[in-house]
Amino acid sequence: MTDEQLLRYSRHILLDAIGIEGQERILAAHALVVGAGGLGSPAALYLASAGVGRITLADDDNVDFTNLQRQILHTQARVGMAKAESGRAALAAINPDVAVTPLRARLSGTALDELVATADVVLDCTDNFATRHAINRACVHHGKPLVSGAAIRFDGQVSVYDLRRDDSPCYHCLFPEGEDVEEVRCAVMGVFAPLTGIIGTMQAAEALKLLAGIGESLTGRLLLLDTLEMEWRSVRFRKDAGCAVCGPNSEAH
Ligand SMILES: [Zn+2]
């Protein structure tokens, strides 16, 4: 680390659990953030401020005026710009050391698979089931840790699928495809602004823990937040031995 890095990350280095070694692991890491909206904004901001060496930020959308209520990567001056590019500008302003690759794309198929293969951690900050399942399949295939968040109305949830571990459930174990409840989108249902901040920030915290190799992740636990009552619930769940994605008879194995 340079003198400037020692200074910039000094409040992390002071933490015994992180220290120089943990911070160096963070600096050497590549995080893939899929979605630069309500969840991806705080997640990417904290990953960048904390010094994750490389961040790939993928989003196929442009900044819309209605995004500004919660998507804190973006500014009114950047309405109309690609979200990935607007996000890159925000992250560079906080920490120019971080190599940010903006991708103006809805990741799927081979492109998604190849990117996941190069990542040390994947953050699912999207808002649709098809992409969530595609990200999960790629993470199972490559054995990458996946940090998943969701936020709608006043309700949020967050979990980790540490697919480096054989005993970890995957997203599909918990939310089997085809059983998806009707998709609810922010555009129709509304979303409480700081809820996306809380969940996205927790995704950043879990991702940084995984990268630094510290603490206990949310693997096997789903946290559910009701911000109207401001109450958390924790639900434990296990790997589904018959899972079509991560089970022994799946295509990925
Ligand atoms: Zn599974």
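# Notebook: a predicted model with a zinc site

I began with Val-147, which has 0% relative accessibility and therefore counts as buried; the cut-offs are under 20% relative accessible area for buried, over 50% for exposed and partly exposed in between, with a 1.4 Å probe and protein chains only. Before going further I noted that this is a predicted model, in which local features need pLDDT of at least 70 and side-chain atom pairs count only at pLDDT 80 or more, while totals for chains, interfaces and linings use all residues. I also noted that residues are numbered from 1 along each chain as its sequence is written, and that side-chain values use heavy atoms, with hydrogens and water left out.

**Val-147 and its contacts**

I placed Val-147 in strand 5; strands here are DSSP runs of E with at least two residues, helices are runs of H or I with at least four, and both are numbered from the N terminus. Leaving aside residues up to four places away in sequence, I found that Val-147 touches Val-121, Val-122, Leu-123, Asp-124, Ser-159, Val-160, Gln-203, Glu-206, Ala-207 and Leu-210, where contact means heavy atoms within 4.5 Å. I then looked at Ile-94, which is 53 residues from Val-147 along the chain, and read 23 Å between their C-alpha atoms.

**The zinc ion**

Which residues are the protein donors of the zinc ion? I found Cys-170, Cys-173, Cys-243 and Cys-246, each through its SG atom and lying 2.3 Å from the ion; donors are N, O and S atoms within 2.8 Å of the metal (3.2 Å for Na, K and Ca), and sites may look incomplete since water is not among the atoms. The 4 donor atoms subtend angles of 95 to 120° around the zinc ion, so the arrangement is tetrahedral, a label given to four donors if all angles lie between 85 and 135 degrees. In sequence I read the spacing of the donor residues as C-x2-C-x69-C-x2-C.

Most residues other than glycine have a negative phi. I noted Arg-153, in the loop between strand 5 (145-152) and strand 6, with a positive phi near 50°; Arg-153 is partly exposed, its relative accessible area being 37%. Met-230, in the loop between strand 7 (221-226) and strand 8, has a positive phi of about 50° as well, and at 51% relative accessibility Met-230 counts as exposed.

I found Ile-18 in the loop between helix 2 (10-13) and helix 3 (19-27), where its relative accessible area of 11% makes it buried. With residues up to four places away in sequence not counted, Ile-18 touches His-12, Gln-23 and Ile-214. Leu-208 is 190 residues from Ile-18 along the chain, and I read 9.9 Å between their C-alpha atoms.

Val-188, in helix 9 (residues 186-189), counts as exposed at 68% relative accessibility. Val-188 and Ala-241 are 53 residues apart in sequence, and I read 36 Å between them in space, C-alpha to C-alpha.

Key:
Four donors count as tetrahedral if all angles lie between 85 and 135 degrees; four count as square planar and six as octahedral if opposite donors are over 155 degrees apart and all others between 65 and 115; anything else is irregular.
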